[in-house]
Amino acid sequence: SEAEDDDDDDDAGANRGGLRWAEAAPARPAKRPKPETVDAAAEDAKADADEMVLASDAAPRTADDYERALVSRADDAGTWTAYARVLLAEDDATGARAVLERGL
């Protein structure tokens, strides 16, 4: 019948001018070069040293020490004011004010 012939023509047209998956597939991107490997032992040693500083009862001395201490003792007003005193000793009044405002 004529309806069946029309269906055959549609299938044939799809194969002749249609898009083939192999042609449509995007090319694979080039592999990225591996980043330089970092010495894992050195990273572990630094992390262990940082952990010991945090765990020790030694008073913080630098701004970085105070920032680390405040992570675990954010509610300790004495730590905030001591940090501000350290910054004032370094003639950083703006930094001391910012620390005290953060502590509020």
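Predicted model: local features only at pLDDT ≥ 70, side-chain atom pairs only at ≥ 80, totals over all residues.
**View 1**
The protein chain has 6 helices and 0 strands, so helices here are DSSP runs of H or I with at least four residues and strands are E runs of at least two, numbered from the N terminus. Along the sequence the pattern reads α-α-α-α-α-α. Mean pLDDT (the predictor's confidence in each residue, from 0 to 100) is 75 for the protein chain, and 57% of its residues reach 70 or more. Of the 104 residues in the protein chain, 14% are buried; buried means under 20% relative accessible area, exposed over 50%, and partly exposed in between (1.4 Å probe, protein chains only). Take the contacts (heavy atoms within 4.5 Å) between residues at least 6 apart in sequence: 6% of them join residues at least 24 apart.

**View 1. The largest nonpolar core.**
This core has 10 residues: Tyr66, Leu70, Trp80, Ala82, Tyr83, Ala84, Val86, Leu87, Ala96 and Val99. To count as a nonpolar core, a set must be made of buried Ala, Val, Leu, Ile, Met, Phe, Trp, Tyr and Cys residues joined through side-chain atoms within 4.5 Å. As a general background, nonpolar side chains tend to be buried together in soluble globular proteins.

On the buried list for H4 we find Asp65, Tyr66, Ala69 and Leu70. They cover an arc of only 130° around the axis, which puts them on the same side of H4; the arc is that of the directions from the helix axis to the C-beta atoms. Turned away from that buried side, the other face of H4 carries the exposed residues Asp64 and Val71.

The structure holds 1 aromatic pair. Tyr66 and Tyr83 form it, stacked at 5.2 Å centre to centre with 0° between the planes. Rings of Phe, Tyr and Trp (its six-membered ring) pair if their centres lie within 6.5 Å, and planes under 30 degrees apart count as stacked, over 60 as edge-to-face and the rest as tilted. The pair links distant parts of the chain, with Tyr66 in helix H4 and Tyr83 in helix H5, 17 residues apart. Tyr66 and Tyr83 are both buried.

Thr79, Trp80, Ala82, Tyr83, Ala84, Val86 and Leu87 are the buried residues of H5, and they pack against H4 and H6. The length of H5 checks out: at 1.5 Å a residue its 13 residues should span 18 Å, and its end C-alpha atoms are 18 Å apart, which agrees. That expected span is 1.5 Å times one less than the number of residues. Thr79 sits in helix H5 and is buried, with a relative accessible area of 5%. Leaving aside residues up to four places away in sequence, Thr79 touches Tyr66, Ala69, Leu70 and Arg73.

**View 2. The loop between H5 and H6.**
Asp91 lies in the loop that connects H5 and H6. Asp91 has a positive phi of about 60° although it is not a glycine. At 74% relative accessibility, Asp91 counts as exposed.

**View 3. H6 against H5, around Ala96.**
Gly95, Ala96 and Val99 are buried in H6. Seen down the axis of H6, these buried residues fall within an arc of 100°, so they line one face of the helix. They pack against H5, while the face of H6 turned away from the buried side carries the exposed residues Thr94 and Arg97. Ala96, in helix H6, counts as buried at 3% relative accessibility. Not counting residues up to four places away in sequence, Ala96 touches Ala84, Leu87 and Leu88. Ala96 and Trp80 are 16 residues apart in sequence and 9.3 Å apart in space, C-alpha to C-alpha.

Definitions and conventions: Residues numbered from 1 in each chain as written. Heavy atoms only, no water.
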